[in-house]
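Hello,

Here is the structure you were waiting for. My notes follow below it.

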Amino acid sequence: MARHGNGRGWYGKMIGAALGVTLLATGASVWTAQAGTDSSPKADAPATSNVKPVTATIAHASDKGKQGVNITIDDGPDPVWTPKVLDLLKEYGVKATFCMVGTQAQAHPDLVKKVVADGHRLCDHTVSHNTAMDKDSQTYQSKQIVDAERMITKASGGVRPMYYRAPGGAFTPYSRKLAASHGMRPLGWNVDTKDFERPGTDAIVATVQRELPNGPTLLFHDAGGDRTQTVEALRRILPQLKQDGYSFGFPVR
């Protein structure tokens, strides 16, 4: 999600208590040895021996080339809205990338597995969706990224996230390198549909039409409140993009 005012985001209020429990439970992480300092953990070491590091530059392009479009869905999974988005994607034969918040994945593992079963890709969107995490210590950044990666992987049944998207685009050189060392390509966007602000279905559709020449990666949300406008906008956008000759792909790795 793009930056929207308060740094900690809506998750800070909704899941603060749950996050406290989660962080205690994951406190044995290898990164906690660095607690209280800004010393860099070994970010160039993959989390497991079979992980292949990827480039740390932020991806925007589509693997479908110049006529490709990447649909990316942030902040879920959500028990109300994620199934509706999945139904639409299946109806139009579109694959997407779901950027999941760790606590949401942990709470709804059935939906994470459904996303994977439908052929979509997973993306690490941190544990608590702090849009100001670039101002925090490297220790904090590493826990947010690595703990979310573990939560998503466990919820999926073993499928690892392929990308890392910083909440609000709050990337740092450190966080990008860390994610890349874990096989997760940093993922940006070209078109912020502003659906999070619920500007109206027409406005969301118009934003996509106006800004798509800026690049292929579109940002939508399937959590964080009523996503009726997002669902209706996708219902109009997906067939229109197909009609206009676009192919739906994944961000480059």
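Arg198 is partly exposed, because its relative accessibility is 45% (buried is under 20% relative accessible area, exposed over 50%, partly exposed in between, with a 1.4 Å probe and protein chains only). Its phi is positive, near 50°, although Arg198 is a residue other than glycine. Arg198 sits in the loop between β6 and α8; helices (H or I, at least four residues) and strands (E, at least two) are DSSP runs, numbered from the N terminus.

Lys194 lies in the loop between β6 (191-192) and α8 (201-211). Lys194 is not a glycine either, and has a positive phi of about 60°. With a relative accessible area of 36%, Lys194 is partly exposed.

This is a predicted model, in which local features need pLDDT of at least 70 and side-chain atom pairs count only at pLDDT 80 or more, while totals for chains, interfaces and linings use all residues. Residues are numbered from 1 along each chain as its sequence is written, and side-chain values use heavy atoms, leaving out hydrogens and water.

Asp118, in the loop between α5 (109-117) and β3 (121-124), is buried at 11% relative accessibility. Leaving aside residues up to four places away in sequence, Asp118 touches Leu86, Lys90 and Lys95 (contact means heavy atoms within 4.5 Å).

Helix α6 (residues 138-156) has 15 of its 19 residues buried, so the rest of the structure largely encloses α6. Gly157 follows α6 and has a positive phi, near 90°.

Regards
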